[in-house]
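Please read the points below alongside the sequence and the model. They are set out as a colleague's note, with the conventions given where they are needed.

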Amino acid sequence: MFGESAVMQFSELEELETVSADLLHIGKDIPVWLFEGHMGAGKTTLIKALCKKLGVRSHVQSPTFSLVNEYDAGDKLVYHFDFYRIKDEVEALDMGVEEYFDSGHFCFVEWPGKIESLWPLHYLLIHMEADENGVRMLKATQV
């Protein structure tokens, strides 16, 4: 499916279980997922649903100040990044982002545009939008 896109639409939180299951099916072999979208589009909420589906039992929250949170998903780890507050890519390099990306574990990245030159060769790009009625549109593309 590389280069192809899947489009999903949802408006209720209850739909996130199905959306996250569908996304995990699409991106099951791609460890790095890049989440793009405006503030309030639902990126963190979707990542919470994905982590729950993967078996994470701990509290999932955006790592706005720590840059990365690590979650135990049983036999695997999930890394959740938020690069909204970084000033340049050097900060991401200093915290070892390339090693995380090469780990083979899921890496869910919010605000990936801040580290665009550090993106791996293959990734799942998820673009999210929310309209004024709370309907979320999601486009997932394997690159």
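1. Glutamate 110, leaving aside neighbours within four places in sequence, is in contact (heavy atoms within 4.5 Å) with Phe35, Lys43, Thr44, Ile47, Ser62, His80, Phe81, Asp82 and Phe83. This residue is found in strand 5, where helices (H or I, at least four residues) and strands (E, at least two) are DSSP runs numbered from the N terminus. At 2% relative accessibility glutamate 110 counts as buried, the term meaning under 20% relative accessible area, with exposed being over 50% and partly exposed in between (1.4 Å probe, protein chains only). Glutamate 110 and leucine 34 are 76 residues apart in sequence, yet their C-alpha atoms are 6.4 Å apart in space.

2. A word on provenance: this is a predicted model, in which local features need pLDDT of at least 70 and side-chain atom pairs count only at pLDDT 80 or more, while totals for chains, interfaces and linings use all residues. Residues are numbered from 1 along each chain as its sequence is written, and side-chain values use heavy atoms, with hydrogens and water left out.

3. Tryptophan 33 has phenylalanine 108 as its bridge partner in strand 5, and tryptophan 33 stands opposite leucine 124 in strand 6.

4. Beyond its neighbours within four places in sequence, phenylalanine 108 is in contact with Trp33, Phe35, Ile47, Leu50, Cys51, Leu54, Val78, Tyr79, His80 and Phe81.

5. Two residues in the loop between strand 5 and strand 6 can be taken together, namely tryptophan 111 and tryptophan 119. Tryptophan 111 has a positive phi of about 60° although it is not a glycine, and is partly exposed, with a relative accessible area of 22%. Tryptophan 119 is buried, with a relative accessible area of 17%, and touches Leu34, Glu36, Pro112 and Gly113, not counting residues up to four places away in sequence. The C-alpha atoms of tryptophan 119 and serine 58, which are 61 residues apart along the chain, are separated by 27 Å.

6. Leucine 67 lies in the loop between helix 2 and strand 3 (68–72), and is buried, with a relative accessible area of 13%.

7. Which residues line the largest pocket? The lining is made up of Leu13, Glu14, Leu16, Glu17, Ser20, Thr45, Lys48, Ala49, Lys52 and Lys53. A pocket, on a 1 Å grid over the protein atoms alone, is an open set of points where a 1.4 Å probe fits, with protein on both sides within 12 Å along at least five of seven lines, and lining residues have an atom within 4 Å of a point. Helix 1 and helix 2 are the elements that give two or more residues to this lining, and its largest share, 5 residues, comes from helix 2. The volume of the largest pocket is about 220 Å³, taken as the space filled by probe spheres set on the points, which are joined across faces, edges and corners.

8. Glutamate 15 lies in the loop between strand 1 and helix 1, and counts as partly exposed at 31% relative accessibility. Not counting residues up to four places away in sequence, glutamate 15 touches Gln9 and Phe10.

How values were computed: Two strands pair if DSSP finds at least two bridges between them.
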